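Biologist: I would like a close look at one part of this model. Please take a single residue and its surroundings, then move on to the sheet.

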Amino acid sequence: MQNTKLVIGIMSGTSMDGIDVVLCRILPHATKRDEVQFIDFLMKPYPPQVRERLLLLAEGQYGGTREIALMHALLGELY
């Protein structure tokens, strides 16, 4: 099908237990809403020390700008 796209969505949910990844196909339609088809899903747990740091940062009592920047870089590598 023309203009069909395969897309990958990556996120960490509010439980911060790991990285959630989904693969979907998007089928565009000219006369109605585009169709999204689920293909597959994967959840990769965070290493325990990464999850602990994320939870501490989320509480707002730990870290600061430097720790947030370091975690941002680390999550980018893990993703």
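Modeller: Leaving aside residues up to four places away in sequence, Glu67 touches Arg53, Leu57 and Tyr62. This is a predicted model. Glu67 sits in helix α2, which spans residues 65-78. Is Glu67 buried or exposed? Its relative accessibility is 12%. The cut-off for buried is under 20%, so Glu67 counts as buried.

Two of the residues it touches also make polar contacts with it. The side chains of Glu67 and Arg53 are joined by a polar contact of 2.7 Å. Another polar contact, of 3.4 Å, links the side chains of Glu67 and Tyr62. Leu57 is also among the residues that Glu67 touches.

Now the sheet. Three strands make an open sheet, ordered β1-β2-β3, with antiparallel pairing. Strands β1 and β3 (35-45) are the edges, and each pairs on one side only. From one strand to the next, the twist averages 20°. In general, strands of a sheet pair through backbone hydrogen bonds, in either a parallel or an antiparallel sense.

Take the pair β1 and β2. Strand β1 covers residues 5-11 and strand β2 covers residues 18-27. They run antiparallel and share 7 bridges. Which residues face each other across this pair? Lys5 stands opposite Ile26 in β2. Ile8 stands opposite Leu23 in β2. The two strands form a hairpin, with 6 residues between them. In the turn, Met16 has a positive phi of about 50°.

Note on methods. Residues are numbered from 1 along each chain as its sequence is written. This is a predicted model: local features need pLDDT of at least 70, side-chain atom pairs count only at pLDDT 80 or more; totals for chains, interfaces and linings use all residues. Side-chain values use heavy atoms; hydrogens and water are left out. Two strands pair if DSSP finds at least two bridges between them. Helices (H or I, at least four residues) and strands (E, at least two) are DSSP runs, numbered from the N terminus. Buried means under 20% relative accessible area, exposed over 50%, partly exposed in between (1.4 Å probe, protein chains only). A polar contact is a pair of N or O atoms within 3.5 Å; within protein, one must be able to donate a hydrogen and the other to accept it, and residues adjacent in sequence count only if both atoms are side-chain atoms. Contact means heavy atoms within 4.5 Å. Axes are lines fitted to C-alpha atoms, for helices over the stretch in contact, and angles run from 0 to 180 degrees between N-to-C directions.
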